[in-house]
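Work through the exercises below with the model open in a viewer. Try each task before reading its solution.

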Amino acid sequence: MASAGPICGPISTYSRVQLLHLVQTRAQRTIGELCEATGLHPNTVREHLQRLIEGGYVIAATEHRTTRGRPRTLYSAATGMADASSPIARDKVSAAARRGDLLRRIMPGAASDLGRDATYQLDALIEHLEESGFEPVVDDVQLTVDLSPCPHAAGRAEDRPMLCSVHLGLMQGVLTEAGGPISADAVRTSALPADCTVQLRLTEMSAA
């Protein structure tokens, strides 16, 4: 996938975007299903999935069989929900909160008025976006995250809808894992490919 700048993290290659899209749209995918859908070799699929598991974006589970035969490994998106939570993602969220608290002690003006839970969600979201090659600018009043210029701006226009959908799903997974009142509502694009804004939504009041 072409890029307007350095890209890293879970959406660093188009193959990973495809795999993430597949496990986000339906959980418990097998290697065979993923190979058939993408045309990739099983070893390549396994390698990408392992990287995504190590990043906290995909989880693997062993199939429960009621008949004879070796159980298959099933792959799903790490959504942050109780039945699809990654221990790696949980560790990342905790580490982001610790670093955020340290920053706020050094720079009291960096504190948000949204409350503790929402603040920790934003800590985790910012670190995820930075890990993915973005330079996020958060407006905690308008509840937006400006990602312009998007490092994927030079990619193929026909790939953008799936890329934005995958990216939104990843962000929602991070926010859900962190726990709190903020959710990722939409990725707003414009006629200019480099312009990208994420609209967040406050679903309830957080703890002070």
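The exercises treat a predicted model, and each task is followed by a stepwise solution.

**Exercise 1. Pairing around strand 6**

Task: State how many bridges join strand 6 to strand 4 and how many join strand 6 to strand 5. Then find which residues stand opposite Q199.

Solution. 
1. Strand 4 (residues 144–146) and strand 6 (residues 196–202) run antiparallel and are joined by 3 bridges.
2. Strand 5 and strand 6 also run antiparallel, with 7 bridges between them.

**Exercise 2. Two partners of helix 6**

Task: Describe the packing of helix 6 against helix 5 and against helix 1, giving angle, axis separation, handedness and residue classes.

Solution. 
1. For helix 5 (residues 116–131) and helix 6 (residues 160–178), the angle is about 145° and the axes are 8 Å apart. This crossing of helix 5 and helix 6 is right-handed.
2. Helix 5 contributes Y120, Q121, A124, L125, H128 and L129, which meet H167, L170, M171, V174, L175 and A178 of helix 6. By class, this contact of helix 5 with helix 6 holds 9 nonpolar, 3 polar and no charged residues.
3. For helix 1 and helix 6, the angle is about 65° and the axes are 9 Å apart. The crossing of helix 1 and helix 6 is left-handed.
4. Here Y14, V17, Q18, L20, H21 and Q24 of helix 1 make the contact with M162, L163, S165, V166, G169 and L170 of helix 6. The classes in the contact of helix 1 with helix 6 are 7 nonpolar, 5 polar and no charged residues.
5. L170 is named in the contact with helix 5 and in the contact with helix 1.

**Exercise 3. Length and burial of helix 6**

Task: Compare the span of helix 6 with the expected one, then list its buried residues and name elements that cover them.

Solution. 
1. Helix 6 has 19 residues and reaches 27 Å from its first C-alpha to its last, close to the 27 Å expected at 1.5 Å a residue.
2. The buried residues of helix 6 are R160, M162, L163, C164, V166, H167, L170, M171, G173, V174, L175 and E177.
3. Among the elements covering these residues are helix 1 (14–25), helix 4 (87–106), helix 5, strand 5 and strand 6.
4. G179 follows helix 6 and has a positive phi, near 80°.

**Exercise 4. Backbone exceptions**

Task: Locate Q28, L143 and P149, and describe the backbone at each.

Solution. 
1. Q28 is not a glycine, yet its phi is positive, about 60°. Q28 is found in the loop between helix 1 and helix 2 (31–38).
2. With a relative accessible area of 48%, Q28 is partly exposed. Leaving out residues up to four places away in sequence, Q28 touches E33, L74, Y75 and S76.
3. L143 is not a glycine either and has a positive phi of about 55°. L143 lies in the loop between strand 3 and strand 4.
4. The relative accessibility of L143 is 13%, so L143 counts as buried.
5. P149 is placed in the loop between strand 4 and helix 6. The peptide bond from S148 to P149 is cis, with omega near -5°.

Key: Residues numbered from 1 in each chain as written. Predicted model: local features only at pLDDT ≥ 70, side-chain atom pairs only at ≥ 80, totals over all residues. Heavy atoms only, no water. Axes fitted to C-alpha atoms, helices over the stretch in contact; angles between N-to-C directions. Helix = DSSP H or I, 4+ residues; strand = E, 2+ residues; numbered from the N terminus. Left-handed = near helix turned anticlockwise from the far one by under 90°. Contact = heavy atoms within 4.5 Å. Nonpolar A, V, L, I, M, F, W, Y, C, P; charged D, E, K, R; others polar. Pairing = 2+ DSSP bridges. Expected span 1.5 Å × (residues − 1). Buried < 20%, exposed > 50% of the residue type's maximum accessible area, 1.4 Å probe, protein only.
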